[in-house]
Amino acid sequence: MLEELKEQIVEFALAAETIGLCRHRSGNFSVRDEKSGLICVTPTGVDRRFMRPVDVVVINAQAEVIESIMGLRPTSEALMHLAAYEARPDVHAVVHTHSKFALSFAVLRKPIPAVVSELAYLGCSKGLIPVAAYGRQGSQKLADSVRAPLLGADALLLASHGVLTVDKYSLEEAVLKAAYVEEIAEVYYHALAMNGGKEPPTLPLADLKMQYPEQIVQG
Ligand SMILES: [Zn+2]
C-alpha cells in the first residue's frame, strides 16, 4: 500500500543524510496520505543507505501499525510526527533531523532570528525559528511540545534535541526547509562569533512577508 509515498521516504531520507542533516541513524521522516489519513514513516534501526520501500512502516493517527512488511517498528519519534499532523491538518510531510549548528542553538534553547531572508521560506510568523519546550525523546511530552510552535511556523528547534520541519506539499520541500534551518543556524553562529557574541542585525518581519508571502503562516 502507498508505494509511491514509501519510495519518496526512501529517496528523501537518504538525500537528507547525504547532505549532512542527519547522521548515525538519527532523524526520521514521514508523509501523510490525504485520502486515507494513513502515515508512512521511517522504521527504527535501519541504515538509510540500505533502506528500501518495503522497510517503511504505515501507521494510523492513533500510532497503530497498519502495515509493516518487514516486521519493523516505526521510529520512536512517531508520536511527535502524529502531533504535528494533528496540530496542522494542512501538512503533508514531516522531517526531523539532528543537524549540528541548529542542534547547538537547540541545546542553548535559543531561537534563531531572521539574519538572512531564507528564514521567510520557513513560514515563521514571528520572524524567528522558535524553540519547543523540552521533552524526553520519544515521549508524549515531546510530541505535545511541537503543537503550539507549529501553529506559527513550519520549522522549529526541539530543546536539547534537534529540528522539526513540515510542508504542505511535499517531503522534498520539508527536507529543503531542514537544510535552510541548518544553513541559517550556521550563518547565525558565525555572525555571533565574528561579532564578539553580540546579536547581529535582523531583517524586518514586513520584508520577510513580502519576500515569500504565501509561506507565512498566520499566527
Ligand atoms: Zn530525534
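I count a residue as buried if 20 or more other C-beta atoms lie within 10 Å of its own. I need that cut-off for strand β5. The model I am reading is predicted.

**Entry 1: strand β5**

I looked up which way the side chains of β5 point. A93, V95 and T97 point one way, and V94 and H96 point the other way. Next I checked burial. All of these β5 residues are buried. Five of the five residues of β5 pass the test, so the strand is largely enclosed by the rest of the structure.

**Entry 2: neighbours of β5**

How many bridges join β5 to β10? I found five, and the two strands run antiparallel. On the other pairing, β1 and β5 are also antiparallel, over four bridges. I then followed H96. In β10, H96 stands opposite L164.

**Entry 3: the whole sheet**

I traced the strand order. Eight strands form an open sheet, and I read them as β4-β3-β2-β1-β5-β10-β9-β8. The pairing is mixed. Which strands stand at the edges? They are β4 (65-67) and β8 (131-132). Each has a single partner strand, so one side of each is left without a neighbour in the sheet.

I also looked at β9 (residues 155-158) and β10 (residues 162-167). Four bridges join them, and they run antiparallel. L157 stands opposite V163 in β10.

**Entry 4: helix α1 on the sheet**

I looked up what α1 (residues 3-18) covers. The helix lies across β1 (28-32), β2 (39-41) and β5 (93-97). Its direction is at about 150 degrees to β1.

**Entry 5: helices α3 and α6**

I wanted the angle and the distance here, because two packed helices are described by the angle between their axes and the distance between the axes. Helix α3 (residues 100-108) and helix α6 (residues 171-194) pack at an angle of about 70 degrees. Their axes are 7 Å apart. Angles of 65 to 115 degrees count as roughly perpendicular, and α3 and α6 are therefore roughly perpendicular to each other. The crossing of α3 past α6 is left-handed.

Which residues make the contact? From α3 I noted F101, A102, S104 and F105. From α6 I noted V181, E182, A185, E186 and Y189. By class, I have six nonpolar residues, one polar and two charged in this contact.

Terms used
Residues are numbered from 1 along each chain as its sequence is written. This is a predicted model: local features need pLDDT of at least 70, side-chain atom pairs count only at pLDDT 80 or more; totals for chains, interfaces and linings use all residues. Axes are lines fitted to C-alpha atoms, for helices over the stretch in contact, and angles run from 0 to 180 degrees between N-to-C directions. Angles under 35 degrees count as roughly parallel, over 145 as roughly antiparallel, 65 to 115 as roughly perpendicular and the rest as oblique. A crossing is left-handed if the near helix is turned anticlockwise from the far one by less than a right angle, and right-handed if clockwise. Two residues are in contact if their C-beta atoms, placed from the backbone, lie within 7 Å. Ala, Val, Leu, Ile, Met, Phe, Trp, Tyr, Cys and Pro count as nonpolar, Asp, Glu, Lys and Arg as charged, and the others, Gly among them, as polar. Two strands pair if DSSP finds at least two bridges between them. A residue is buried if 20 or more other C-beta atoms lie within 10 Å of its own, exposed if 12 or fewer, and partly exposed in between; C-beta atoms are placed from the backbone.
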